[in-house]
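This report is for a reader new to the structure. It goes through salt bridges, helix packing, nonpolar cores and backbone features in turn.

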Amino acid sequence: MRDYSIKEAGAADIDGARAVMLDTVYRDFATGYVPRWHADIIDPVSFYVTPPRHTLLVAVDERDGTVAATAALDARGPEHPPNPRWLAERFPSGETAQLRRVCVRPEHRRRGLARHLVEALLEFARADGGYRSAYLHTYPHSPGAMGLWRALGKELCDEREEMPGGGSGAVHFEIPLI
């Protein structure tokens, strides 16, 4: 991809990756940092870099060396609660590659970075050999998210329509690993 390199995050990339993810939760999600939801952002090394079978990828802008986008994968399935029980049962920890923190800085959007990062995460999951499915959740107000995930996977549950009171408003997807 012209002007960007996609790679596993190294020590020199961690602060930039953290900044991209924090900016996203403040700007796009309007939640700000919430410790019970975002502890992985503060300590991405413990969540994604150190554990086997987990990874944190970054897209680095070759022009200035800054992190333009992030994407992570871990072996933790969705928990119940807050997610529907049937989702937690369908996507158990250890067998599920959960995609997380797919974040692109606004000035780098519409260049295919998220798609390239997700493809690299799926290749990582396939190479691992122990994952039987890929899962993620997103929120409809996240810029570009619904179009990307609908193009890559199958929508399983829209909490706004299927949960009492709209649940958390998350939309859950499965992406084929084949």
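## Salt bridges

D158 counts as buried, at 2% relative accessibility; buried means under 20% relative accessible area, exposed over 50%, and partly exposed in between, with a 1.4 Å probe and protein chains only. The side chain of D158 meets that of R160 in a salt bridge, 2.5 Å from N to O. R160 is partly exposed, with a relative accessible area of 44%. The model is predicted: local features need pLDDT of at least 70 and side-chain atom pairs count only at pLDDT 80 or more, while totals for chains, interfaces and linings use all residues. Residues are numbered from 1 along each chain as its sequence is written, and side-chain values use heavy atoms, with hydrogens and water left out.

The whole structure has 15 salt bridges, each being a side-chain nitrogen of Lys or Arg within 4 Å of a carboxyl oxygen of Asp or Glu. One of them joins the side chains of D61 and R63, at 3.0 Å from N to O. D61 is buried at 3% relative accessibility, whereas R63 is exposed at 53%.

The side chains of D23 and R105 also form a salt bridge, at 2.5 Å from N to O. This pair links distant parts of the chain, 82 residues apart: D23 is in helix α1, and R105 is in the loop between β4 (96–104) and α5 (113–128). Helices (H or I, at least four residues) and strands (E, at least two) are DSSP runs, numbered from the N terminus. D23 is partly exposed, at 30% relative accessibility, and R105 is buried, at 18%.

## Packing of two helices

Helix α1 (residues 14–27) packs against helix α2 (residues 35–42) at an angle of about 155°, and their axes are 9 Å apart. Axes are lines fitted to C-alpha atoms, for helices over the stretch in contact, and angles run from 0 to 180 degrees between N-to-C directions. The angle makes α1 roughly antiparallel to α2; angles under 35 degrees count as roughly parallel, over 145 as roughly antiparallel, 65 to 115 as roughly perpendicular and the rest as oblique.

On the α1 side the contact is made by R18, M21, L22 and V25, and on the α2 side by H38, I41 and I42. Contact means heavy atoms within 4.5 Å.

## Nonpolar cores

The largest nonpolar core has 30 residues, and L99, W149 and I175 have the most contacts inside it. Such a core is a set of buried Ala, Val, Leu, Ile, Met, Phe, Trp, Tyr and Cys residues joined through side-chain atoms within 4.5 Å. Elements that give two or more residues to this core include β2 (55–61), β5 (133–138), α6 (145–152) and β7 (171–175). Helix α5 gives the most, with seven residues.

Leaving aside neighbours within four places in sequence, I175 is in contact with L99, V118, L122, A134, L136, W149, L152 and G153. Another core of 15 residues lies apart from the largest one, and V20, M21, V25 and V67 are among its members.

## Backbone features

A cis peptide bond joins H80 and P81, with omega about -20°. The bond from P81 to P82 is cis as well, with omega near 15°. P81 is in the loop between β3 and α4 (85–90), and P82 is in the loop between β3 and α4 too.

A30 is not a glycine, yet its phi is positive, about 60°. A30 lies in the loop between α1 and α2 and is exposed, with a relative accessible area of 64%. R101 also has a positive phi, of about 50°, although it is not a glycine. R101 lies in strand β4 and is buried, at 18% relative accessible area.
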